[in-house]
Amino acid sequence: MADNKPTDEEFFDDELDQDGLSERLDDLDEELAIARAASLRAGLDDYDLDEEDFELLDTVTEDPDKITYLPALPVLAVVGRPNVGKSALVNRIIGRREAVVEDTPGVTRDRVNYKAEWMERQFTLVDTGGWEPDAKGINASVAAQAEVAIDLADAVLFVVDGNVGATATDEHVVKLLRKTKKPVYLLANKVDDARQEPNIATLWSLGLGEPYPVSALHGRGVADLLDLVIPKLPEVSAVAKQEVGGPRRVAILGRPNVGKSSLLNKAAGEERVVVNDLAGTTRDPVDEQVEIAGKVWRFVDTAGIRRRVHLQQGADFYATLRTSAALEKAEVAVVMIDVTEPISEQDVRIIDLVLESGRALVLAFNKWDMLDDDRRRYLEREIEQDLAHVAWAPRVNISARTGRHMEKLVPALERALESWDTRIPTGKFNAFLAELTAAHPHPLRGGKQPRILFGTQSSTRPPTFVLFTTGFLDPGYRRYIQRRLREIYGFEGSPINVNMRVREKRKR
């Protein structure tokens, strides 16, 4: 007989903490909780653990103020004009076919990150993709793409077609690359055998140093190139590393014409950004230190995210890249939603972008002064249906144009960031897990019941928890754990991750 699969509702009854879990955790004898957690940790020695497990367990701490950051991997960006073989090179380096490769210029429409490893060094590889020409021509578009890549990378692989030589577009990008202080490696791709190598001598004229002949298709020269490049990358990324201290960094996100620039102008108390009813006026993010309610913040206003990236042409695609860049550098995102229009698929996609980035989240419902009773009823229904997965995010109802309720933004940002920084001591977290599993054990699966052996919070920003288990936990059960974590500890405005490590008992 098949096991009954649990639904979320099975674990929903004590959402209101009718079982008094919160009080019991408050009254916990901390020394006893620490001792129990240490005993559970010692019990893991009977299981097959790998090197990563031991590294993680070394970070276990009882100090809730100790913030752990995962080291930011160095970033290597691949740039170049369309159809020079950038995606083929990316596939060759990561060792699997993930980047889309077609014999058509501009197939890649977005900046895509891949984790890669070479000579036991891990790094992030960024495939920046090709561009369609905009009104100013393809040169400007490719240069814009290269500019973003340079901003967000520790080193750059500039790919040209070794058989074609340097084109006007290549020259356009080279002007930018010459200005950067970051290492740039000039790759002459499509050099499939030694007979073609003399052709690349002309590339010395680009002024980027020695051109390296490679064939992404056949792998020729790629290993030698990586042997040269990877040891020179920093151990921890200089561009992606966590910044600590100074004003907290806020990205203002939203679809075009939702009022992002008006919000920044009102916060700054001046016309800092061009405001125009024409959607998409803003192209670049504008950093602005702003004081609201006596507190200084660094706001980044970003260009609106367009509905379909693959249909965008140069300037809008560039704006989308800039938006992603702003989010990467931010700690908390304010997603603005226009209450006078139905919540759209676009709004949800922008929120999901924030969730994927792991940033704290505040929802700002703008143009609230223009809301009538009929629209308000529909809006509440839309929020319930479309934004249920972020019900934990603080909501502020504002008018960026008039400045109404702007002061409410600060406590919402502070709550979200406090949650994002929260750490639960290991003893208390394991006591929490013990209470939960005693009240609601995981259902049997194939006659076996997965058990949680030990849990720890591996990092903050966002809070990330790791559970060592004897079997796979159902998604519904993991969501139940997340809901109870939110109920007991709040985490208002922060995504939380619950990861599993299924481990088998060591054979004697």
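What follows is a short exchange about how some labels on this predicted model were reached.

Colleague: Why is Thr180 called buried?

Modeller: Its relative accessible area is 17%. Buried means under 20%, so Thr180 counts as buried. Thr180 sits in the loop between helix H6 (168-179) and strand S5 (184-189).

Colleague: What does the side chain of Thr180 reach?

Modeller: The backbone nitrogen of Lys182, at 3.1 Å. The cut-off for a polar contact is within 3.5 Å.

Colleague: Why is Arg349 called partly exposed?

Modeller: The relative accessible area of Arg349 is 35%. Buried is under 20% and exposed is over 50%, with partly exposed in between. Arg349 therefore counts as partly exposed. Arg349 belongs to helix H10 (residues 345-357).

Colleague: What makes helix H4 mostly covered?

Modeller: Seven of its nine residues are buried. H4 spans residues 86-94. Among the buried ones are Leu89, Val90, Ile93 and Ile94. Lys86, Ser87 and Asn91 are buried in H4 too.

Colleague: Which residue comes just after H4, and what phi does it take?

Modeller: Gly95, with a positive phi of about 80 degrees.

Colleague: Is the crossing of H13 and H14 left-handed or right-handed?

Modeller: Right-handed.

Colleague: What makes the phi of Arg461 worth a remark?

Modeller: Most residues other than glycine have a negative phi. Arg461 is not a glycine, yet its phi is positive, at about 55 degrees. Arg461 lies in the loop between S13 and S14. At a relative accessible area of 10%, Arg461 is buried.

Colleague: How do you know that the bond between Arg461 and Pro462 is a cis peptide bond?

Modeller: Omega is about 0 degrees there. Most peptide bonds are trans. Pro462 is placed in the loop between strand S13 (452-459) and strand S14 (464-469).

Colleague: Where is Phe491, and what phi does it have?

Modeller: Phe491 is in the loop between H14 and strand S15 (497-502). Its phi is positive, at about 55 degrees, although it is not a glycine.

Colleague: Why is Phe491 called buried?

Modeller: Its relative accessible area is 1%. The limit is under 20%, so Phe491 counts as buried.

Colleague: Which residues form one aromatic cluster with Phe491?

Modeller: Phe429, Phe432, Phe465 and Tyr489. A search of the whole structure finds six aromatic pairs. To pair, ring centres must lie within 6.5 Å.

Colleague: How do you know that Arg395 lies over the face of Phe365?

Modeller: Arg395 is at 5.0 Å from the ring centre. The distance limit is within 6 Å, and the charge must also be within 35 degrees of the ring normal. Arg395 is listed over the face of Phe365.

Technical notes:
Residues are numbered from 1 along each chain as its sequence is written. This is a predicted model: local features need pLDDT of at least 70, side-chain atom pairs count only at pLDDT 80 or more; totals for chains, interfaces and linings use all residues. Side-chain values use heavy atoms; hydrogens and water are left out. Rings of Phe, Tyr and Trp (its six-membered ring) pair if their centres lie within 6.5 Å; planes under 30 degrees apart count as stacked, over 60 as edge-to-face and the rest as tilted. Buried means under 20% relative accessible area, exposed over 50%, partly exposed in between (1.4 Å probe, protein chains only). Helices (H or I, at least four residues) and strands (E, at least two) are DSSP runs, numbered from the N terminus. A polar contact is a pair of N or O atoms within 3.5 Å; within protein, one must be able to donate a hydrogen and the other to accept it, and residues adjacent in sequence count only if both atoms are side-chain atoms. A crossing is left-handed if the near helix is turned anticlockwise from the far one by less than a right angle, and right-handed if clockwise.
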